[in-house]
Structure formats: structure tokens, C-alpha cells
Amino acid sequence: MHSVLERMARAGHPPLHTLSPADARLAYEAGAGVLEVPKAALARVQDFTIPARDGHALPARLYTPSLAAGLPLLLYLHGGGFTIGSIATHDTLCRELCRLAGCAVVSLDYRLAPEHRFPTASNDAWDALAWLAAHADQLGADPARLAVGGDSAGGTLAAVNAILARDAGLPLALQLLIYPGCAAHQDTPSHALYAQGLVLEEPAISWFFGHYVQSRAEREDWRFAPLLAPDVDSVAKAWIGLAECDPLVDEGIAYADMLRRAAVAVDLEIYRGVTHEFIKMGRAIPEARKAHADAARALRMAFCME
């Protein structure tokens with residue numbers, strides 16, 4: 001990890017938070033695949049759209065490991081602070097989860113800030129999950145075996161989706177949360193300890209969230225900060241994968257504790273010595289490949305595939 005950080009520093013790219021959102025998206029996409037494992041060849045990769053509540057057509061991509069019917073299905077929500085990230089930036093990761101878990105994966109391009117502020121991303125994610133529950137069979141998937149997952153801001157959206165699914169009576173097999181944002185304010189000890197020099201820095205967090213939430217009330221809405229949800233009783237069981245050297249690690253642990261206090265089954269993995277974004281560094285970081293395998297195993301078990 002130290003070697004990766006040194007190489008990133010030597011590359012000399014301007015920090016994303018110093019760019020416009022549009023330029024930051026281009027820069028993030030340009031660098032997204034540099035440290036990834038090779039892209040898995042899959043039986044089916046298909047782009048389509050999912051209707052949002054306001055009629056907007058949300059781009060989505062379906063990945064399947066085979067052409068068999070009735071595959072279990074994971075809705076994957078990419079990270080990027082609600083401001084950057086896309087299907088393209090998380091294409092390799094979604095392929096790897098599909099390959100290793102043996103399930104179908106749908107990756108969603110929810111709308112981004114600042115063009116689309118809170119709660120648009122959350123609404124888009126829920127609209128996609130509800131649509132998949134009703135139409136999974138049209139994609140060759142099993143609507144009775146659904147999971148939701150994501151990394152960073154996408155992990156926030158996945159956690160929120162799990163609560164909304166509980167409220168809607170929609171059973172989920174698993175919520176797969178990779179270093180999710182869970183807190184309203186960035187005031188935990190890990191935010192101070194890991195504020196500088198470790199991929200996700202404090203100025204970037206403030207920049208991301210400043211584009212997405214505009215008021216204290218929005219920050220303290222549980223759809224931005226799942227730790228403030230009224231309750232998490234009876235939500236789907238969780239697999240939570242955290243990076244040790246990450247500003248978000250304390251709130252991820254706190255959310256795991258909150259779920260456990262509500263008698264929700266939680267499998268918590270903290271990957272030592274790695275930073276935020278490590279899940280997309282499988283070519284350089286063995287812990288990323290370990291996390292891929294652990295997440296896939298959790299999906300297979302949740303889907304009763306082993």
C-alpha cells in the first residue's frame with residue numbers, strides 16, 4: 001500500500017477536489033483501471049435502462065456468469081462521493097464479483113451531484129432496486145434472490161436501500177457494504193487520524209459532500225447518514241468490508257455495531273494496512289483480491305449457493 005501511495009504521489013495528478021466535478025469525473029475514470037485485476041470475460045454483458053420515479057432513464061449494465069435462467073442478482077452501487085464514479089469506473093469490480101460469486105450483477109449509473117443533489121442518488125438507487133424486484137425475471141434473474149451492495153457512497157446507498165426494502169416488505173438476501181459512509185458529520189477519531197495522505201483526504205470528503213448535501217438537516221437525514229436511521233430492526237443481514245487506514249473506518253464499525261444491537265447478522269472484515277479505494281487495486285494489493293473473494297463468498301452463502 002505504501003508503494004502504491006508513493007507511485008500516486010510521483011504521478012503528480014492534481015487532487016480531484018481541486019477540479020470541477022466534470023473534470024474530476026474524467027480524471028477518476030481515466031485512472032480507474034490502472035491497478036485493477038484483468039477484466040473477467042463473462043457470458044453476458046448488456047447495457048439497458050431502468051426508469052426512475054420522475055421518468056428519467058437510468059443507465060444500467062447487466063453482468064451474468066452464464067446464460068442460465070434464474071440467477072440470483074446483486075444491485076451494485078458505485079462509490080465516488082455522490083459526485084464522481086460510474087458504471088465504467090466500477091466495471092472490473094462488478095465483473096469480478098459476478099465471476100467469483102456466480103450471480104448476476106446490475107451496476108447502476110445513479111444521478112450525480114451537484115447537478116442532482118440529495119436525495120436524488122438515494123431515490124435512484126431505491127427505484128432501481130424496486131424495479132429489479134418486479135422485473136428480474138426479464139433479465140434472466142431470480143426476483144426471490146436479491147441483494148444490494150456498493151462501496152463508499154455506494155455503500156451508503158446500499159445500506160439505505162436495505163432499510164427501505166425492509167419498510168416495503170421486500171426481502172433481501174444480503175447488504176454488501178464496502179467502506180460505507182454512515183455518519184452525518186466527519187468527526188470520528190479515524191477522520192482525524194487518516195485525514196491526509198491516504199487516498200481519501202479530508203478536503204476531498206468536504207468537497208464531495210458539499211456538492212451533495214446543502215444543509216445540516218440534509219446531513220442529518222438518515223438517507224445520507226444511516227447511523228441516524230430510527231431503527232434497523234429486521235433489515236437484511238450484512239457483509240461489511242472496511243479498510244483499516246480509512247477516514248470512514250470508525251463509522252463502518254459503528255454501523256456494524258448498530259446492526260448487531262438490532263439482532264441483524266453481520267460479517268465484519270477489516271483489511272489491515274490498506275486505504276479507502278483499495279478494493280479497486282487488486283493488481284497491486286493482495287488484500288483487494290482477498291476482499292473480492294470474501295464478498296463473493298458472502299453472496300454465495302446468502303443466495304444459498306453453498
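## Salt bridges and pockets

A search of the whole structure turns up 20 salt bridges, a salt bridge being a side-chain nitrogen of Lys or Arg within 4 Å of a carboxyl oxygen of Asp or Glu. Keep in mind that this is a predicted model, where local features need pLDDT of at least 70, side-chain atom pairs count only at pLDDT 80 or more, and totals for chains, interfaces and linings use all residues. Residues are numbered from 1 along each chain as its sequence is written, and side-chain values use heavy atoms, with hydrogens and water left out.

| Salt bridge | Closest N to O distance |
|---|---|
| Arginine 95 and aspartate 91 | 2.7 Å |
| Lysine 290 and aspartate 294 | 2.9 Å |

Arginine 61 sits in strand 2 (residues 57-64) and aspartate 47 in strand 1 (residues 44-51), so their bridge ties together parts that are 14 residues apart in sequence. Helices (H or I, at least four residues) and strands (E, at least two) are DSSP runs, numbered from the N terminus. Aspartate 47 is exposed, at 53% relative accessible area; buried means under 20%, exposed over 50%, and partly exposed in between (1.4 Å probe, protein chains only).

Arginine 95 and aspartate 91 share helix 3 (residues 91-101), four residues apart, or about one turn of the helix, and both are buried. Lysine 290 and aspartate 294 are likewise four residues apart, in helix 10. Here lysine 290 is partly exposed, at 45% relative accessible area, while aspartate 294 is buried at 6%. Salt bridges with shared partners also link Lys39, Asp47, Arg61, Asp91 and Arg95 into one network.

Now for the pockets. A pocket is an open set of points on a 1 Å grid over the protein atoms alone, where a 1.4 Å probe fits, with protein on both sides within 12 Å along at least five of seven lines; lining residues have an atom within 4 Å of a point. The largest pocket has a volume of about 1300 Å³, a volume being the space filled by probe spheres set on the points. Its lining has 47 residues, with Met8, Leu16, Tyr28, Val199 and Glu277 nearest the centre. Helix 1 gives the largest share of that lining, six residues.

The second largest pocket has a volume of about 190 Å³. Of its 13 lining residues, Ala238, Trp239, Asp267, Ala298 and Met301 are closest to the centre. Helix 10 contributes the most to this lining, with five residues.
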